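Visitor: Can you walk me through how the sheets and helices are arranged here? I have the model open.

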Amino acid sequence: MKDTVSIHGSTGTDLHHESAVKHVTGRAGYTDDIPEPIGTLHGYLGISDVAHARITAIDLDDVRSAPGVVDVLLADDMPGSNDVSPTHLHDEPVLAKDRVEFWGQAIFCVIATSRDAARRAAELARISYEELSHALDPVAAIEADYPHVTAPLQLKNGDAEAALAGAEHRITGRMTVGGQDHLYLEGHIAFAMPGEDEDVIIYSSTQNPTEVQHMVAHVLGVQSNAVVVNVRRCGGGFGGKETQMNQFAALAAVAAKKLNRAVKIRPDRDDDMSSTGKRHDFVVDYDVSFDGNGVIQGMQGNFMARCGYSSDLSGPVTDRALFHADNAYYYPNVLLRSRPMKTNTVSNTAFRGFGGPQGVIIAERIMEEIGYFLGKDSLEIRKANFYGKTDRNVTPYHQTVGDCIISELVQELEGSSDYATRRQSVLDYNARGGIIRKGIALTPVKFGISFTATWYNQAGALIHVYSDGSIHLNHGGIEMGQGLNTKVSQVVADAFQVDVGTIKITQTTTEKVPNTSATAASSGADLNGMAALNAAETIKERLVQFAVEEWGVTAGEVAFLPNTVQVGSEQFTFAEFVNKAYFARVQMSATGFYKTPEIHWDRDTGTGHPFYYYAYGAAVSEVSVDTLTGENQVERTDILHDVGRSLNPALDLGQVEGAFIQGMGWLTTEELWWDDRGQLRTHAPSTYKIPLASDRPREFNVRLVDWSENHKPTIKRSKAVGEPPFMLGISVFEALSMAVASVADYRECPRLDAPATPERVLMAVERLREGTA
């Protein structure tokens, strides 16, 4: 009889999130749940109420005399540097001193005996300004001759200008793509506890503990070894906690060291949304030429981004928008330029997809435009332009796409979703006229995996095997709901062939794993899983050598079996075996390390191999639109997504579903709106609409590709899943466009801007009906 004994929680099996029960019962501990030491103080930021001005006077007398106030920090109180910029440009002050550059910029920080006292006191400041002119969007910034916040990028392959000039058909257009607030459930928070000498411990909800460590040290004027940053878990991040936490952590640390008391800073949701960065808005001008079959001959794109008042991560974000402006399509002649514009708004930052979605949606707009121009189904245009396997496979940045499975994936989804039959049904339904119109669209995604800043593609891990057989695991990644800790635990369980319950993952801390990269770019499991595996293999090698010496067997006669170790003809439980190794003085602790191979990127030339591999997916969405109100409903969505050999199919399905809904929200309901004075008016859930449970597709079918495996030797041949499915929400946007186009018999592309709110949908319907689109 075949031996079916196996460990619980091996890779490739469904395993619930390690904190799932704690999440739903409210027992999961977050930074704000840490018991406060006696004497803990609380900070609150005093922020500007103008978009751009010189500060002429600051009167804080009423603030300082308010009940409970212990201190007020200003820019000159930073003992080291008044800067928390993640770039070499040093353009992001902790606190503004002489000038404010956006509405909501921090000018001072109140430290008081309670959060309520600090918050109330912050409202008592009297600040005088000399207001200056401001620019709130990239087009206005260009017209006002504002600078770029970082150097623009150009990607060029072939001769786009010649291809456009000699075009059989040519279309030019402009699309505005809105930003998005992260709206993580747990807002920003930092809790600093002073230690002896220069030491300080920071508890923070951050995706990037090493950067917080560096920034706090920089602001305090101490070395990094004096700062410890701990993160057990984040209540959501989506990129919004990659750099934006620096300011809160630095101020908490400065106050803690100055007053020798623990200090916590937690802004309320309104100030969190007003004063922290978001997804970059883009205005994109495109120019494309194509033949009678819709095959693209040349493409030019000019990507203008609202970056905010400082550089933050706008350079790599706008770079990645260009990297993904091709999506899954081959452009034989292409010229792409970024314009990362300074604006008088909060400095925009990382967000799931990191600029990629803004590039992908332009590619999909172009396919849609060509389809309407030629009177064809846009899916036919998409398939005609897909990357090939042996030719037509070089990107605008000169990387050869060597793993393209998009044609096979789309073909499978077409069949399983019954796309052709359903599309004809939609056409037949719309032909009858009526108030309700329908639309259907199938859109693909090809998404490059790796940090484009090559040095970030590294990770470390630490494993201890204790003498009772239990295992302690620590790595540099951050658990923020995505299941990273669960997946890495499964990798280690697989390596030692022990039940996953044997393994305990502890909080991420700069004390155990140094020089970590942000948990971002969909790389968490790729990097940290490989680092943990490296540590486990090191310990296993020592244990095997111990067995060889102790029992006189060969290395080939030592096997790690489910919860046991076979040594020659003898068999021990894992706990028994490691206990014997302990008494034989075998070192059972090891660090692990991994760096992604093969990748390189030369930004100056716009060429290289920035991505280790690509992840693929596709979605079909069908919508209904009320043409009297613009309100709409997603009737059905079918998704087929490529995650290689899944480490945990249950978690991966959750990531695909969540990413799709978040992407759909970005393109339909989540509108950021600033008034003429520069104040963000959509600064709370009451005015900023994320999708509700009732907004999900009425029929939602999600599958993982079961025949794919990564052609690169990633962890268990899996693929990243955090960001790529976000762009599948574009299928909803494209379906809405088809429904709108039906009111004019599909004669022209409605050219919807994003987000396609009900108001925008209604106005597009009216324009088409009036013939003024």
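Visitor: What is the strand order in the open sheet of eight strands?
Guide: The order is 3-5-1-12-9-10-11-20, and the pairing is mixed. Strands (E, at least two residues) and helices (H or I, at least four) are DSSP runs, numbered from the N terminus. Two strands pair if DSSP finds at least two bridges between them. This is a predicted model, in which local features need pLDDT of at least 70 and side-chain atom pairs count only at pLDDT 80 or more, while totals for chains, interfaces and linings use all residues. Residues are numbered from 1 along each chain as its sequence is written, and side-chain values use heavy atoms, with hydrogens and water left out.

Visitor: Which are the edge strands?
Guide: Strand 3 (69-73) and strand 20 (508-509), each of which pairs on one side only.

Visitor: And strands 1 and 12, parallel or antiparallel?
Guide: Strand 1 (residues 41-47) and strand 12 (residues 263-265) run parallel, joined by three bridges. Gly43 has Ile265 of strand 12 as its bridge partner.

Visitor: Which strands does helix 6 touch?
Guide: Helix 6 (residues 209-220) packs on the sheet and touches strand 10 (200-204), strand 11 (227-231) and strand 20. Contact means heavy atoms within 4.5 Å. The direction of helix 6 makes about 145 degrees with that of strand 11. Axes are lines fitted to C-alpha atoms, for helices over the stretch in contact, and angles run from 0 to 180 degrees between N-to-C directions.

Visitor: What about helix 3?
Guide: Helix 3 (residues 115-122) lies across strand 1, strand 3 and strand 5 (106-112), at about 20 degrees to strand 1.

Visitor: Switching to the sheet of three strands: what order?
Guide: 21-22-23, an open sheet with antiparallel pairing. Strand 21 (558-561) and strand 23 (570-573) each have a single partner strand, so one side of each is left without a neighbour in the sheet.

Visitor: How many bridges join strand 22 to strand 23?
Guide: Four, with strand 22 covering residues 564-567. Gln566 has Gln571 of strand 23 as its bridge partner.

Visitor: Which helix lies across those strands?
Guide: Helix 16 (residues 574-583) lies across strand 21, strand 22 and strand 23, at about 95 degrees to strand 23.

Visitor: At what angle do helix 15 and helix 16 pack?
Guide: About 75 degrees, with the axes 11 Å apart; helix 15 spans residues 524-551. That makes the two helices roughly perpendicular, a term for angles of 65 to 115 degrees.

Visitor: Which residues make the contact?
Guide: Leu543, Phe546, Ala547 and Trp551 of helix 15, and Phe577, Val578, Lys580 and Ala581 of helix 16.

Notes: Parallel < 35°, antiparallel > 145°, perpendicular 65-115°, else oblique.
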